[in-house]
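Subject: Structure for you to look at

Hello,

Here is the structure I said I would pass on. Please open it first, and then read my notes beside it.

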Amino acid sequence: MTQVSAAAVKAFRVRTGLPLMDCKNALQEAGGDEEKAFELLRKKGKDMLDKRADRETAFGRFGMYLGLDKSTGAMVELLCESAPVTTNEGFVQLANDLAQQLATGPGASTPEELLAQPSPSDPSKTLGDQKDDLFNRIREVFNVGRMVRIDGSCGGYQHNAGTVAGVLVAAEGSNDDIAKDVAMHIAAMRPSALSVEELDADEVAKERETLRAAAIAEGKPEAIVDKMVEGRMRNYYAERVLLEQSFVKEESQTVSEYAKANGLTVKGYTHWILGEA
């Protein structure tokens, strides 16, 4: 078997991030050819990944690409096996590369389509190669979960303590901090819809009938029942509708009023909790 120098093994370890003995064995098997050794390690890593593919991936983070000065935005859920990996530099880079490529590339409808595309941080390899190389370094399974792309400017926020949440807000304006404030509000208050019109019509009708029946049961005069119901419906909307909710940082304003006062038009949002369907 070809003997390789300690310096060559050390340099190869810097490139791969793998244990010294793995690097030494691969170089020896490849006759000292670093590129061949790299491919051998990649193949071994792929074989190992196939054996571990059914492992649970209950942790992770959201890769995000956003900015009110950009024409597209995206959010991608990247899952892993353990909490410490979620802060690994390579894992964070992969998550953000996935989101950037989804936003700026041709688009993708499945994780497989996205992983076949070039990596923004290293166009010489695909996102799938980047993912496999990271597996070789960390030896944890990574899975790409939900993906969303918005054609238009976006703000957003990611919460990575306790509950892991990602919020992407479709908005028009010029202040990313205001858009982030709205995204943080969404993460905290979990509205059901952007506007009253977007609420489930059947649920709204059911609530209105329930409130009407309650008012009649209270013995209220028929002439004022409808006004009472509409007043109580406003409270119902204020609990569930983003634009009607009191803004968490300034409760004297609704989210709509806060956004308008700061030159922001909120057009939609996506709010995900890690691992939830």
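Axes are lines fitted to C-alpha atoms, for helices over the stretch in contact, and angles between them run from 0 to 180 degrees between N-to-C directions. Please keep in mind that this is a predicted model. Two packed helices are described by the angle between their axes and the distance between the axes.

Helices H8 and H9

With those terms in hand, start with H8 and helix H9, which covers residues 222-240. Their axes come within 9 Å and cross at roughly 135°. The crossing of H8 past H9 is right-handed. On the H8 side, the contact is made by Glu203, Val204, Glu207, Arg208, Leu211, Arg212, Ala215 and Ile216. On the H9 side, the residues are Glu222, Val225, Asp226, Met228, Val229, Glu230, Arg232, Met233, Tyr236 and Tyr237. Sorted by class, this contact of H8 with H9 has 10 nonpolar and eight charged residues, and no polar ones.

Helices H1 and H2

The next pair is helix H1 (residues 6-16) and helix H2 (residues 20-29). Here the axes come within 9 Å and cross at roughly 115°. H1 and H2 are therefore roughly perpendicular to each other. H1 passes H2 in a crossing that is right-handed. From H1, the contact involves Ala8, Val9, Lys10, Phe12, Arg13 and Thr16, and from H2 it involves Leu20, Cys23, Lys24, Ala26 and Leu27. The contact of H1 with H2 has seven nonpolar, one polar and three charged residues.

Helices H4 and H6

How are H4 and H6 arranged relative to each other? Helix H4 spans residues 89-104, and it packs against H6 at an angle of about 170°, with the axes 11 Å apart. H4 and H6 are therefore roughly antiparallel to each other. Their crossing is left-handed. The residues that H4 brings are Gly90, Phe91, Gln93, Leu94, Asp97, Leu98 and Gln101, and they meet Leu127, Gln130, Lys131 and Leu134 in H6. The residues of this contact of H4 with H6 divide into five nonpolar, four polar and two charged.

A closer look at H6

H6 runs over residues 127-138, which is 12 residues. From its first C-alpha to its last, H6 reaches 16 Å, close to the 16 Å expected at 1.5 Å a residue. Its buried residues are Leu127, Gly128, Gln130, Lys131, Asp133, Leu134, Phe135 and Asn136.

Lysine 131 sits in helix H6 and is buried, with a relative accessible area of 13%. Lysine 131 and phenylalanine 142 are 11 residues apart in sequence, and their C-alpha atoms are 7.5 Å apart in space. Aspartate 133 is also in helix H6. Is aspartate 133 buried or exposed? Its relative accessibility is 12%, so it counts as buried, the cut-off being under 20%. Leaving aside neighbours within four places in sequence, aspartate 133 is in contact with Phe38, Arg42 and Lys125.

Two arginines with positive phi

Just after H6 comes arginine 139, which has a positive phi of about 65° although it is not a glycine. Arginine 139 is in the loop between H6 and strand S5 (143-151). It is partly exposed, with a relative accessible area of 26%.

Arginine 190 also has a positive phi, near 50°, and is a residue other than glycine. It lies in the loop between helix H7 (176-189) and helix H8 (201-217). Arginine 190 is partly exposed, at 45% relative accessible area.

Cysteine 80

Cysteine 80 is buried, with a relative accessible area of 0%. Not counting residues up to four places away in sequence, cysteine 80 touches Glu56, Thr57, Ala58, Phe59, Gly60, Val85, Thr86, Phe91, Glu140, Val141 and Phe142. Cysteine 80 and alanine 259 are 179 residues apart in sequence and 36 Å apart in space, C-alpha to C-alpha.

Regards

Methods. Residues numbered from 1 in each chain as written. Predicted model: local features only at pLDDT ≥ 70, side-chain atom pairs only at ≥ 80, totals over all residues. Heavy atoms only, no water. Helix = DSSP H or I, 4+ residues; strand = E, 2+ residues; numbered from the N terminus. Expected span 1.5 Å × (residues − 1). Buried < 20%, exposed > 50% of the residue type's maximum accessible area, 1.4 Å probe, protein only. Parallel < 35°, antiparallel > 145°, perpendicular 65-115°, else oblique. Left-handed = near helix turned anticlockwise from the far one by under 90°. Contact = heavy atoms within 4.5 Å. Nonpolar A, V, L, I, M, F, W, Y, C, P; charged D, E, K, R; others polar.
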